[in-house]
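Please look through the structure shown below with its side chains in view.

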Amino acid sequence: MRSLPQGEERASLAAEFAAFYDDCDGDSIRAIQARTGRSYTCVRTLLIEAGVTFRENTRRAETNDLADDFARLYRGGLSIRGIRARTGYSYRYIHALLVEADVQLRDHAGQPRKAAA
């Protein structure tokens, strides 16, 4: 594992990574990682040092549709485990999409969960 360079070499590398990231096609952090052989953490650290404004994480339309389907099933009375049994997706993935869809989750007794204090 290579360590991060220091001084001018570090600033130069940060500027190079920023140019890759900010290009019109805009490489992702993982693409820069693959291109340069540096670690994800190294690339991200240098992009932060270069003052790059990170792009919004984009989700595929299919994922948004799936979240809507999970929300509809859950609001219709199905539990997360029931959705898992019906769809085959993991409990954790279903839960994450329901949370992102702002669905009010129920406790084990079927009552709405209280907000954390």
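## Rings and charges in a predicted model

Phe54 is partly exposed, with a relative accessible area of 30%, and this value, like the others in this report, was computed from a predicted model.

A pair of aromatic rings is described by the distance of the centres and the angle of the planes. There are three aromatic pairs in the count. In the pair of Tyr21 and Phe54, the ring centres lie 5.7 Å apart and the planes meet at 80 degrees, so the arrangement is edge-to-face, given that angles over 60 degrees are classed in this way. This pair joins distant parts of the chain, since Tyr21 belongs to helix 1 (residues 7–22) while Phe54 lies in the loop between helix 3 (40–49) and helix 4 (61–75), 33 residues apart.

The rings of Phe70 and Tyr89 are likewise edge-to-face, because their planes stand at 70 degrees, with the centres 5.6 Å apart. Here too distant parts of the chain are linked, as Phe70 is in helix 4 and Tyr89 is in the loop between helix 5 (80–87) and helix 6 (91–100), 19 residues apart. Phe70 is buried at 1% relative accessibility, whereas Tyr89 is partly exposed at 35%. Together with Tyr93, Phe70 and Tyr89 make up one aromatic cluster.

Rings also meet charges in this model: the charged end of Arg106 sits over the ring of Tyr74, 3.8 Å from its centre, and the charged end of Arg35 sits over the ring of Phe20, 4.0 Å from its centre.

Side chains of opposite charge can pair when their charged atoms come close. The structure holds three salt bridges, and the table lists them with the distance between nitrogen and oxygen.

| Glu49 | Arg10 | 2.6 Å |

Glu49 is partly exposed at 46% relative accessibility, while Arg10 is buried at 17%. Arg72 and Asp69, by contrast, are about one helical turn from each other, because they are three residues apart in helix 4; Arg72 is exposed at 54%, and Asp69 is partly exposed at 35%.

Definitions and conventions
Residues numbered from 1 in each chain as written. Heavy atoms only, no water. Phe/Tyr/Trp six-rings, centres within 6.5 Å; stacked < 30°, edge-to-face > 60°. Helix = DSSP H or I, 4+ residues; strand = E, 2+ residues; numbered from the N terminus. Buried < 20%, exposed > 50% of the residue type's maximum accessible area, 1.4 Å probe, protein only. Lys NZ or Arg CZ within 6 Å of the ring centre and 35° of its normal. Salt bridge = Lys/Arg side-chain N within 4 Å of Asp/Glu carboxyl O.
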